[in-house]
Amino acid sequence: MEFISVAGPNSPAREVGKRDAQLFYQPGPPYIGVVSDMLKVVNRWAELVREVHKEKPQLLAEMYAYQLAAADQKLPHWLVTSMMISGV
């Protein structure tokens, strides 16, 4: 991530290597989450989103800020591809 400096010099996100970033922090905000996990990341996400948008003024800035906040809070994610959500 080229906007890692936004996280600050003491952020744990700086310790995440390229491989781990691709494996655990690539997805954006989750569609399904538990309150305890979201409470860990949501305030940091809100702090980072403006700064990330300044560095990367795109529609997906909030997604990048979420990834950075999750890494900052040491909250890796796993992609689940074996489930489907349906309104039926």
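**Exercise 1. Work out the order of the elements along the protein chain, and how compact the chain is.**

Step 1. Going from the N terminus, the protein chain reads α-α-α. That makes three helices and zero strands, where helices (H or I, at least four residues) and strands (E, at least two) are DSSP runs numbered from the N terminus. A quick note on what we're looking at: this is a predicted model, where local features need pLDDT of at least 70, side-chain atom pairs count only at pLDDT 80 or more, and totals for chains, interfaces and linings use all residues. Residues are numbered from 1 along each chain as its sequence is written, and side-chain values use heavy atoms, with hydrogens and water left out.

Step 2. For the box, take the principal axes: the C-alpha atoms fill roughly 45 × 25 × 25 Å.

Step 3. Of the 88 residues, 32% are buried, with buried meaning under 20% relative accessible area, exposed over 50%, and partly exposed in between (1.4 Å probe, protein chains only). Among contacts (heavy atoms within 4.5 Å) with a separation of 6 or more, 69% come from residues 24 or more positions apart.

**Exercise 2. Find the largest nonpolar core and say which element gives the most to it.**

Step 1. Apply the rule: a nonpolar core is a set of buried Ala, Val, Leu, Ile, Met, Phe, Trp, Tyr and Cys residues joined through side-chain atoms within 4.5 Å. The largest one has 18 residues, and Val-41, Leu-48, Val-52 and Leu-68 have the most contacts inside it.

Step 2. Sort by element. α2 and α3 are the elements that give two or more residues to this core, and α3 gives the most, with eight.

Step 3. Zoom in on Val-41. Setting aside neighbours within four places in sequence, Val-41 is in contact with Tyr-66, Ala-69, Ala-70, Gln-73 and Leu-75.

**Exercise 3. Count the aromatic pairs and classify each.**

Step 1. Rings of Phe, Tyr and Trp (its six-membered ring) pair if their centres lie within 6.5 Å; planes under 30 degrees apart are stacked, over 60 edge-to-face, and the rest tilted. The count is two aromatic pairs.

Step 2. Take Phe-24 and Trp-78: their ring centres are 4.8 Å apart and their planes at 80°, so this pair is edge-to-face. It links distant parts of the chain, with Phe-24 in helix α1 (residues 18-24) and Trp-78 in the segment after α3 (61-72), 54 residues apart. Phe-24 is buried, at 17% relative accessible area, whereas Trp-78 is exposed, at 67%.

Step 3. Trp-45 and Tyr-66 are edge-to-face too, at 4.9 Å centre to centre and 75° between the planes. Here Trp-45 sits in helix α2 (residues 35-55) and Tyr-66 in helix α3, 21 residues apart. Both Trp-45 and Tyr-66 are buried.

**Exercise 4. Describe the surroundings of His-77.**

Step 1. His-77 lies in the segment after α3 and counts as buried, at 13% relative accessibility.

Step 2. Beyond four places in sequence, His-77 touches Leu-23, Phe-24, Pro-27, Tyr-66 and Ala-70. Leu-23 is 54 residues from His-77 in sequence but 8.0 Å away in space, C-alpha to C-alpha.

**Exercise 5. Is Asp-72 buried or exposed, and which side chain does it join in a polar contact?**

Step 1. Asp-72 belongs to helix α3 and is buried, at 9% relative accessibility.

Step 2. The side chains of Asp-72 and Ser-11 are joined by a polar contact of 2.3 Å.

How values were computed:
Polar contact = N/O pair within 3.5 Å; in protein donor to acceptor, adjacent residues only side chain to side chain.
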